[in-house]
Protein chains: 4
Amino acid sequence: MVIVMRPGVTEQEIEEIVQLLHETGLEAHISRGEFRTVIGVIGDDELVMQVPFQAYPAVEKVVPIMKPYKLASREFQSEATVVRVNGVQIGGGTFTVIAGPCSVESEEQVVEAARIARRAGARLFRGGAFKPRTSPYSFQGLGEEGLKLLERAREETGLPIVTELLDVRDLELVYRYADVLQVGARNMQNFLMLKELGGQDKPVLLKRGMSATVEEWLMAAEYILKEGNGKVILCERGIKTFETGTRNTLDISSVPQIKGLSHLPVIVDPSHATGVRDLVPPLCLAALAAGADGVMVEMHPRPREALCDGSQSLTPEGFEAMMGEITRMAGFLGLK
Amino acid sequence: MVIVMRPGVTEQEIEEIVQLLHETGLEAHISRGEFRTVIGVIGDDELVMQVPFQAYPAVEKVVPIMKPYKLASREFQSEATVVRVNGVQIGGGTFTVIAGPCSVESEEQVVEAARIARRAGARLFRGGAFKPRTSPYSFQGLGEEGLKLLERAREETGLPIVTELLDVRDLELVYRYADVLQVGARNMQNFLMLKELGGQDKPVLLKRGMSATVEEWLMAAEYILKEGNGKVILCERGIKTFETGTRNTLDISSVPQIKGLSHLPVIVDPSHATGVRDLVPPLCLAALAAGADGVMVEMHPRPREALCDGSQSLTPEGFEAMMGEITRMAGFLGLK
Amino acid sequence: MVIVMRPGVTEQEIEEIVQLLHETGLEAHISRGEFRTVIGVIGDDELVMQVPFQAYPAVEKVVPIMKPYKLASREFQSEATVVRVNGVQIGGGTFTVIAGPCSVESEEQVVEAARIARRAGARLFRGGAFKPRTSPYSFQGLGEEGLKLLERAREETGLPIVTELLDVRDLELVYRYADVLQVGARNMQNFLMLKELGGQDKPVLLKRGMSATVEEWLMAAEYILKEGNGKVILCERGIKTFETGTRNTLDISSVPQIKGLSHLPVIVDPSHATGVRDLVPPLCLAALAAGADGVMVEMHPRPREALCDGSQSLTPEGFEAMMGEITRMAGFLGLK
Amino acid sequence: MVIVMRPGVTEQEIEEIVQLLHETGLEAHISRGEFRTVIGVIGDDELVMQVPFQAYPAVEKVVPIMKPYKLASREFQSEATVVRVNGVQIGGGTFTVIAGPCSVESEEQVVEAARIARRAGARLFRGGAFKPRTSPYSFQGLGEEGLKLLERAREETGLPIVTELLDVRDLELVYRYADVLQVGARNMQNFLMLKELGGQDKPVLLKRGMSATVEEWLMAAEYILKEGNGKVILCERGIKTFETGTRNTLDISSVPQIKGLSHLPVIVDPSHATGVRDLVPPLCLAALAAGADGVMVEMHPRPREALCDGSQSLTPEGFEAMMGEITRMAGFLGLK
């Protein structure tokens, strides 16, 4: 951390900060420039973060030097994390497709969707039993009934299940049925939920919050890792910007950025990022080319009957065509 | 709702949509222009929202006409809602200041802060017992111990307590101590928490999410109102933008916008919006002039010792000076 | 400037950077922490900015310490700049209202608007002769004919004229008629135009770009100041965000921020920021309370006939009512 | 266009709007719903855009149905535009790489860069003679001298030259040397420059503005097309968002979006979008996979000596490695 003092600061004010650093067990390194005095702080970052330097009027700004996350960083662990779910591998030279409907609606719908998904080459099946909806007047999901239907789909197809934990009180329930516990964008900074998931032994799929920087997203992963659960899969799903042609703006740059900053696998969800069906296939290929470890897409046997997000769901035909392209390009790139 | 059909749509495709509308119990009104055919939909909006028109390839876009919230709208209730908390009034020609430290740290700190707040004219006291922190390595709050200290502050000063419900599992606990239950920005779309709060009889202070439009914010309020709790206070606290000079960007326009769209009272939190102490007093005055029903600010007896947000907390002297200005200007404007 | 080296950097790589600094005439100050080595750079900032430190693989990041502008900063000039235009003062304890139609349409319209403006207490008159329009099919302004009509309005009312220089090739022409040369939001980073304006002796009203930070805005002002023209008036007019309830998001916090960072006067344009007539009066009062030196608003004798921005223009009655409120509150605050 | 009337509107107010429509030569189609009356407007859109419906108090909102651009739309021209520059083709099943340094610095630098570019497979050469710089203290380009050096590079390598027209007054000069005239992000809404370029016979590379929606970008293209120049190449270069890990946020979704909305070719510039060298190769591949017609990247023979943007420039080795990957993947995808 570097502390920049205001212009015209007195020796006494500098001394006060140095004193404070020493009391906290930190070392100070003073550089006096023509216009500013700068204090380099050396020592344990956890200590540094406790001290409210910025509350001192003599301090102009405080510049962090270290990344604020540790366990999630490449520096902490240089080899890539590979997450395994019932024999399916995410990360480590694979490209994994997760597919399924936005929400679980009926046994017929969910089993049919899972069969289409498996046949076309998807390795995990997604579906929501609890749905976060902007409007209280929209369909809110089938709840436990929906989880049971997902279990049926797994029995039929063998595909492991990814489903969202919407409310921390449902953890035990969702844990019972899910193979991967999904944290939705709106819960990315639900820190108590993250802590609970850090205590579980099942993988967590952590969606990026709509207003979260890559750094904040990795800090959210850090909450889970810190409690002992290392099986975190990051999922880019678009950020909120002024562009209205798509629901959110897919931040494709976050994929190679994450690959540099972290050892965790990262996948992309173009369905939620854009809200537009036709954009999903080209963006899946873009994710693959950019180095993502997989994609998650919405597909519905009959999108017109979908109770949720019908306009962004791929049709079975569209999904199969896309899977053909993905499989060929992944093969060309030497990914499994 | 208006459905815009793609160019070159066939009569049969138009008929299919009209048929679908009739089956849903809705009426269709067709306008054939030179370049586009547009179908006006007439009928119950709750029905309209169930149908995934956009999933039909012949549909180019669907344009909502009605606002998606009802109970929160001015059309539903034209007179302003006034929320009463132990004799304190929010809304209806008053300007209410809520003040206190970011987090509860000790009995001495909290009681001293509450005394300063009351003496200077604040009418409610705020303080966090559970703190949402971006980093798992930051101070996370005192928990129930903190709630007890807030109770002590109330005993000493009579000021009602505003405190955040961070985890829905703590509702009973927080309810016991709080006079106003605060929903933080990160929980604005925690729909299950909103529903629970809709079943309570205490007022809810609903902060705007960092990536929420005014419309989405009112939809979140709708979740609470729909369950029967009409005592909702909206709190503008800045949105996420590219500007880095302040932590978030205070959207002051949301205040007069809300006044036109809704009957709910709206206050402003410039401390969290900016993260910069010196900006708090001018922005409180701006909120007052723009028509807000109050402000919520952070103040700490000794900001340098604050365990949280010290750099944005007002000092007691700064707070008193600001309260003088607020009181004079509120008086000039004829507010109580 | 502080240079943060990558972890695991070698002594030789550090030495290479130090060498480079010395060659450039700069001094290096090395702090070796447990995880990172940090080099403080001391010396002339203009020199520092020439060297592409970040192009060195051993450099993790470069952190600027000094503000990148000088002449625009409070540190360079502590007393507030007051801009004078034909006897009207902007800055220095005044609150100046600039009003007029979006575009000049006819002699009748412009003279009538100017009379209404003067009668209600506006001190400058605005109107566009050259209009930047998103669509090539929209009205583009009357050009020189419009400038002549503005001159007529000045003859009739004595109000000095603020008008936009849209194309640098029209500088001489616009200079002939205008009292204040306006740089529109889209030209804030038209650096060659800024340089030309820096060589003029008339005041420049510099609107903030829609995607410009406060720092970038002050850098744009620096371009004008550097060429010798110190009469710069800053104008906040909203930034581009995800919120769609208003055309842009008025960043009211920029007003007190600018007051801290710079000596230049700053005014607010709520008409363009919001695009909504009803929001203009409360936001003008908010600007006044936040410490702005004035406001610029759109007003049209008959908004329904406006060829541009009719929906955000105040009616004469609305304008007069608002001016009453502004005058009273400015008087209460002791402003002239 | 659809006009939504306010609730409680009178028959007379509806009649007034209908009258106005008729006077303008437009047809009205009235739908009376339970809560709102909606008027569908049928007729020439250019006429519709002239009328300030929103200025009428009885009008709640005006919803455009048609896209506001015509000549740039797929509906107007269904086959893809192919732009040809001295034998090089952009669009129409090709993937074109444009490479070169940010700014022209010396004959040696520019000729060397052009040779590296050609050898590795780039088909156009880029370099800036006039540089838009945020700070007036940064290097501003060599001007005409720089254009002459670009000419030298073309003589040496045969690569056509892409260079920016920064100031409309330099059009003749830049036209003399350039093969493709580039409009920078900051000039995307410099409408007078766009009109001038619309009258030229050389291709225009139109960068997306940092705060421009895809629609506004296509409207900017419309300005050029309307004047008769159909050779427009769109270039996505990132938009301004809250994410600070990259300079801007590359909006990769704009590529397939443009492909659906327009017939114009679109390329991607990941160097300016991110400002980070290591992110350029994966994002070039992502652009290719997403369907872009090419990329434009910064490459410098010796990035450490670059006077501009050294940290985002590829080294010759990095560039060659990337070109190998691009060529292989383009071949796999059947592109030339």
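| Partner of E7(D) | Sense | Bridges |
|---|---|---|
| E14(D), residues 294-298 | parallel | five |
| E8(D), residues 124-126 | parallel | two |

E7(D), helix H3(D) (residues 107-120) and E8(D) make a right-handed β-α-β unit, where right-handed says that, with the strands pointing away from the viewer, the path from the first strand over the helix to the second runs clockwise. Five of the five residues of E7(D) are buried, so the strand is largely enclosed by the rest of the structure; buried requires 20 or more other C-beta atoms, placed from the backbone, within 10 Å of the residue's own. Thr96(D), Ile98(D) and Gly100(D) point one way from E7(D), whereas Val97(D) and Ala99(D) point the other way.

Between chains, residues are in contact if their C-beta atoms, placed from the backbone, lie within 7 Å. The contact of chains D and B takes 19 residues from each of them, and E3(D) (37-42) gives the most to the chain D side, with three residues.

Residues are numbered from 1 along each chain as its sequence is written, and chains are lettered from A in the order in which they are written. Because the model is predicted, local features need pLDDT of at least 70 and side-chain atom pairs count only at pLDDT 80 or more, whereas totals for chains, interfaces and linings use all residues.

Notes:
Two residues are in contact if their C-beta atoms, placed from the backbone, lie within 7 Å. Helices (H or I, at least four residues) and strands (E, at least two) are DSSP runs, numbered from the N terminus. A residue is buried if 20 or more other C-beta atoms lie within 10 Å of its own, exposed if 12 or fewer, and partly exposed in between; C-beta atoms are placed from the backbone. Two strands pair if DSSP finds at least two bridges between them.
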